[in-house]
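Hi,

Here is the structure I promised to pass on. Have a look at it first, and then read on for what turned up in it.

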Amino acid sequence: AKPKILITGGCGYIGSHVAKLLVQNGYEVVIIDNLSTTGKKIPYGKFYQVDLAVEEKVEKILKEEKPEAVMHFAASIVVPESVAFPLKYYRNNVENTLKLLSAMSRAKVKKFVFSSSAAVYGIPKTIPVPEDAPLEPINPYGRTKAMIERVLEDLSHAEALDYIALRYFNVAGADPEAELGPAYNQPTHLIIRALKTAKGEYPYLEIYGTNYPTPDGTCIRDYIHVMDLAEAHILALEYLLDGGKSLVLNCGYGVGVSVRQVVEAVKKVTGVDFKVIETERRPGDPPVLIADNRKIKSLFSWEPKFQNLEIIIQHAWAWEQKIK
Ligand code: UDP
């Protein structure tokens, strides 16, 4: 039998896709989730409804289940919310990760896959941005991820911990089978908001800022399909299970798309010409984030299967239509 993997936040957007792929690849999956975002468990893995703030419970589960590795997805992820409520972010993303790492240390779990973010770079000087660019986050969300990367670096020197920090760019799309997908109560992410606007859930879509130093004046992001990201997690896990040493890897396609281009693609895929309003910049948004992905491609021979904005939107649209 393949090893047992414990996933925090396994009922969330990215964690659920990884859980499904792990189960399909024969791994035994254990999920810890407080269900704060989605309210419901997924049909994969053994489930514990536990909050990472309760360190003793997490430690007990780790000691009983004895997983080979932990993959840590549980976190708060909304940049503007982190600007408004930084303590929520430092407690959820930093304090609770420290608790998890402490519990892992006592339970002697020595392999860790961490959900980091392109937000650690802030406003990168080099585009596409390589992993060795300086970490200069410009919002509390990015700072929480950069802080944990530092902690992991120190911990890997002090203890026999090997980790991979995957710096996600803009994760989008849904399970091509439309069994899983993003499930947020108050979605803030561009593609989801645009699709819900096409569905009639919002009267219009706002474009936050049209005077950025980019060709069409709107922000540029590197949108990556959630299943390609899930594949990258399996490869990262296999590398660690084979005895690989700690790494930090960008996860993006290396292709930039502007907000206006996303809006046009969503209109094309849905066939709905919804209303769009241009408004002020949103606090905390860097103008351009594009991954230099040569490292993950060369180390893991990661081959994206869904590197196409319209396919990403189609899968997200199929899921949106299914959930209502
Ligand atoms: N955005 C927008 N309208 C929206 C949501 C997002 O114009 O309703 C912009 C946002 O300002 C950013 C880009 O879309 O430039 C991507 O934002 P998102 O929240 O999807 O991801 P982030 O890059 O913040 O993680």
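Before the details, one term: two residues are in contact if their C-beta atoms, placed from the backbone, lie within 7 Å. Also keep in mind that this is a predicted model, in which local features need pLDDT of at least 70, side-chain atom pairs count only at pLDDT 80 or more, and totals for chains, interfaces and linings use all residues. Residues are numbered from 1 along each chain as its sequence is written.

Let's start with G217. Leaving aside neighbours within four places in sequence, G217 is in contact with T210, N211 and Y212. G217 sits in the loop between β8 and β9 (220–221); helices (H or I, at least four residues) and strands (E, at least two) are DSSP runs, numbered from the N terminus. Because G217 has 16 C-beta neighbours inside 10 Å, it counts as partly exposed (20 or more other C-beta atoms within 10 Å of a residue's own make it buried, 12 or fewer exposed, and partly exposed is in between, with C-beta atoms placed from the backbone). P287 is 70 residues away along the chain from G217, yet their C-alpha atoms are separated by 9.0 Å.

Next, the ligand. Of the 15 residues around it, H189, L190, R193, Y208 and C219 come nearest (near a molecule means a C-beta atom, placed from the backbone, within 6 Å of it).

How many residues of α6 are buried? The count is 7 of 9, so to speak mostly covered: L190, I191, I192, A194, L195, T197 and A198. Among the elements that cover them are β7 (170–172), β8, α8 (259–270) and α10 (309–322). After α6 comes G200, with a positive phi near 95°.

Then there's the sheet. It is open, with 7 strands in the order β3-β2-β1-β4-β5-β6-β11 and parallel pairing (two strands pair if DSSP finds at least two bridges between them). β3 (46–49) and β11 (247–251) stand at the edges with a single partner strand each, so one side of each has no neighbour in the sheet.

Happy browsing!
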